[in-house]
Amino acid sequence: MHTIRDKNKLLARVRRIQGQTQALERQLSEEDDCVEILQQIAAIRGAINGLMGAVIESHLVDHVINEPDQANRDAELAPVLHVIKAYLK
């Protein structure tokens, strides 16, 4: 499974995001400049988008593109499309 195979890389991304959110919390607590806070929020959003993209890509490759059975392919694709639609709202 791709999340197991890529576990260390994904966890490293999550830890970076945790660091970014902790930095944002400090910025808000210390009443930093609004522009710096906005930049940090944008960086966090970019990091989350990157994480989501990496997991989606791996899932599609492992469970849709490389899946030999068309029925399984369709079954794997539907929930991912649902999550993508919810994410993009």
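**Group meeting: a walk through one predicted model**

Let me start at helix H4, residues 70-88, where Leu88 is found. Keep in mind that this is a predicted model. Leu88 has a relative accessible area of 64%, so it counts as exposed, since the cut-off for exposed is over 50%. On the surface, Leu88 forms a nonpolar patch with Ile48 and Tyr87. Together these residues have about 280 Å² of accessible area.

Next, confidence. The average pLDDT for the protein chain is 91, and 98% of the residues score at least 70. Among the elements of the chain, helix H1, residues 2-5, has the lowest mean pLDDT, at 76. Helix H2 has the highest, at 97.

Between H1 and H2 there is a loop, and Asp6 is found in it. Is Asp6 buried or exposed? It counts as buried, because its relative accessibility is 17% and buried means under 20%. The side chain of Asp6 also makes a polar contact with the side chain of Ser58, at 3.4 Å.

Now H2 itself, residues 7-29.

Which residues in H2 are buried? They are Leu10, Ile17, Ala23, Leu24 and Gln27. Just after H2 comes Glu31, which takes a positive phi of about 55°.

That is the tour.

Definitions and conventions
Residues numbered from 1 in each chain as written. Predicted model: local features only at pLDDT ≥ 70, side-chain atom pairs only at ≥ 80, totals over all residues. Heavy atoms only, no water. Helix = DSSP H or I, 4+ residues; strand = E, 2+ residues; numbered from the N terminus. Expected span 1.5 Å × (residues − 1). Buried < 20%, exposed > 50% of the residue type's maximum accessible area, 1.4 Å probe, protein only. Patch = residues over 30% accessible without salt bridge, like charges linked within 9 Å, V, L, I, M, F, W, Y side chains within 5 Å. Areas by Shrake-Rupley, 256 points an atom, 1.4 Å probe, with all protein chains shown as cover. Salt bridge = Lys/Arg side-chain N within 4 Å of Asp/Glu carboxyl O. pLDDT = per-residue confidence, 0-100. Polar contact = N/O pair within 3.5 Å; in protein donor to acceptor, adjacent residues only side chain to side chain.
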